[in-house]
Amino acid sequence: MIHPPDVIPKYAPDAVIGTIGGGASAGGGAAAVALPPGMSAYTLADVAKHTTKSDCWVVVNGEVLDVTKFLSEHPGGELAILTFAGKDASEEFNMIHP
């Protein structure tokens with residue numbers, strides 16, 4: 001294990017900006033999931049628009065993270081995160097940060 005499981009809340013607590021899905025259902029059949037204040041529900045298409053060093057979002061375990069400010073602080077270097085910019089990085093993240 002490279003990092004403990006609490007690595008995101010410990011080192012990038014302000015990075016979590018929302019979740020994948022989780023908002024009001026487009027079909028109207030299911031009730032909306034209540035999100036914490038300041039959080040939004042996003043689609044993978046929304047996340048895919050944020051792929052640069054100046055605007056970098058990733059998905060980890062269903063949470064949408066704006067890691068733009070954290071890039072320069074990442075011990076593994078910016079490229080380790082930028083490789084997954086705009087994508088679901090859960091598999092790689094969980095392999096490195098069990």
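**Figure 1. The buried residues Tyr 42 and Trp 57 in a predicted model**. Both side chains belong to buried residues (under 20% relative accessible area, 1.4 Å probe, protein chains only). Across the whole structure, 1 aromatic pair is found. Tyr 42 and Trp 57 form this pair edge-to-face, at 5.0 Å centre to centre and 70° between the planes. Ring centres of Phe, Tyr or Trp (its six-membered ring) must lie within 6.5 Å to pair, and planes over 60 degrees apart count as edge-to-face. Tyr 42 sits in strand 2 (residues 40-42) and Trp 57 in strand 4 (residues 55-60), so the pair ties together parts 15 residues apart in sequence.

**Figure 2. Lining of the second largest pocket**. The volume is about 220 Å³. Lining residues include Tyr 11, Pro 13, Asp 66, Lys 69 and Phe 70. The lining divides into 5 nonpolar, 1 polar and 4 charged residues. A pocket is an open set of points on a 1 Å grid where a 1.4 Å probe fits, with protein on both sides within 12 Å along at least five of seven lines; lining residues have an atom within 4 Å of a point.

**Figure 3. Helices and strands of the chain**. The chain has 4 helices and 5 strands (DSSP runs of at least four residues, H or I, and at least two, E). Their order is α-β-β-α-β-β-β-α-α. Of the 98 residues, 31% are buried.

**Notes.** Residues are numbered from 1 along each chain, and side-chain values use heavy atoms, without hydrogens or water. In this predicted model, local features need pLDDT of at least 70 and side-chain atom pairs 80 or more, while totals for chains, interfaces and linings use all residues.

How values were computed:
Buried < 20%, exposed > 50% of the residue type's maximum accessible area, 1.4 Å probe, protein only. Points joined across faces, edges and corners; volume = space filled by probe spheres on them. Nonpolar A, V, L, I, M, F, W, Y, C, P; charged D, E, K, R; others polar. Phe/Tyr/Trp six-rings, centres within 6.5 Å; stacked < 30°, edge-to-face > 60°.
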